[in-house]
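Thanks for sending this one over. Here are my notes as numbered points, meant to be read with the model open beside them.

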Amino acid sequence: MNIENNCPCGSNKPFAACCAPILDDQSKAETAEQLMRSRYCGYTLARNEYLMESWAQETRPAELDVEDDSIQWLGLEVEECAKGGREDKEGTVTFTASFLSSDHLCKLHEKSRFVRHDNLWYYLDGETEATTAKVGRNEPCPCGSGRKYKRCCLGRPKTAG
């Protein structure tokens, strides 16, 4: 995905007009969904510092390392948002994130909880469910290119975004 044109979060907006400003300044996330989308981008771009800063202090892990070369992020689908608006103090966002890892198509389905403290949205925690399926060499590539997996992502070096 070319982040110069399309935001990795799947909004169909230019990255510069979507998640990039939030990655540079968390206060620009006006809704829980905007923060969630920017956090997805944080994972695709290996922005550890941003992910830690946008994680609620009460549930934040001691460390986080998302620079895993074996993961190729494929896309994000936001399924439902409850509360999490400009006037709310909490909200949930349900989504599915897809990625390739070690020749497996993985899907992470999560219902994330967000809280707002001092006018900033933070990720609190989530209920997750993951599925994994082996991708055959001659199957269509999960990236959506229309090519066979062996001629597309199987041989491609793994890069963020």
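Predicted model: local features only at pLDDT ≥ 70, side-chain atom pairs only at ≥ 80, totals over all residues.

1. Cys19 counts as buried because its relative accessibility is 1%, under the limit of 20%.

2. Cys143 is a second case to look at. Cys143 takes part in no disulfide, and its nearest cysteine sulfur, that of Cys141, is 3.6 Å away. With a relative accessibility of 30%, Cys143 counts as partly exposed.

3. Now for the overall fold. The protein has three helices and four strands, and along the sequence they follow the pattern α-α-α-β-β-β-β. The C-alpha trace spans about 50 × 30 × 30 Å along the principal axes. Does the radius of gyration agree or disagree with that of a compact globule? For 161 residues such a globule would have a radius of gyration near 15 Å, and the protein has 16 Å, which agrees.

4. A few totals may be handy for your own comparisons. Buried residues make up 39% of the 161 residues. The protein exposes about 9100 Å², and carbon and sulfur atoms supply 44% of that area. Of the contacts between residues at least 6 apart in sequence, 45% join residues at least 24 apart.

5. On to the interior. In soluble globular proteins, nonpolar side chains tend to be buried together. Here the largest nonpolar core has 27 residues, and those with the most contacts inside it are Cys7, Cys9, Phe15, Cys19, Cys41, Leu76 and Phe114. The elements that give two or more residues to this core are H1, H2, strand S1 (71–83), S2, S3 and strand S4 (120–134). Which element gives the most? H2 does, with five residues. There is also a second, separate core of six residues, including Leu100, Val135, Tyr149 and Cys152.

6. The aromatic side chains deserve a look too. A pair of aromatic rings is described by the distance of the centres and the angle of the planes. A search of the whole structure finds five aromatic pairs. In one of them, Tyr40 and Trp73, the ring centres are 5.5 Å apart and the planes meet at 80°, so the pair is edge-to-face; the cut-off for that label is over 60 degrees. This pair links distant parts of the chain, with Tyr40 in helix H2 and Trp73 in strand S1, 33 residues apart. Tyr40 and Trp73 are both buried.

7. Another pair to inspect is Trp55 with Tyr123. Their ring centres are 5.2 Å apart and their planes are at 85°, so this pair is edge-to-face. Trp55 sits in the loop between H3 and S1 and Tyr123 in strand S4, so the pair links distant parts of the chain, 68 residues apart. Trp55 and Tyr123 are both buried. Ring pairs also link Tyr40, Tyr43, Trp73 and Phe99 into a cluster.

8. Next, two backbone angles worth checking. Most residues other than glycine have a negative phi, and most peptide bonds are trans. Ala46 has a positive phi of about 55° although it is not a glycine. Ala46 is in the loop between helix H2 (32–44) and helix H3 (48–53), and with a relative accessibility of 23% Ala46 counts as partly exposed. Ser102 is not a glycine either, and has a positive phi of about 50°. Ser102 is found in the loop between strand S2 (90–101) and strand S3 (104–117).

9. Last, a surface position. Is Asp24 buried or exposed? Asp24 is exposed, with a relative accessible area of 63%, and its place is in helix H1 (residues 20–24). From Asp24 to Ala97 the C-alpha to C-alpha distance is 22 Å, and the two are 73 residues apart in sequence.

Conventions. Residues numbered from 1 in each chain as written. Heavy atoms only, no water. Buried < 20%, exposed > 50% of the residue type's maximum accessible area, 1.4 Å probe, protein only. Core = buried A, V, L, I, M, F, W, Y, C linked by side-chain atoms within 4.5 Å. Phe/Tyr/Trp six-rings, centres within 6.5 Å; stacked < 30°, edge-to-face > 60°. Rg over C-alpha atoms; globule rule 2.2 N^0.38 Å. Contact = heavy atoms within 4.5 Å. Areas by Shrake-Rupley, 256 points an atom, 1.4 Å probe, with all protein chains shown as cover. Disulfide = S-S within 2.5 Å.
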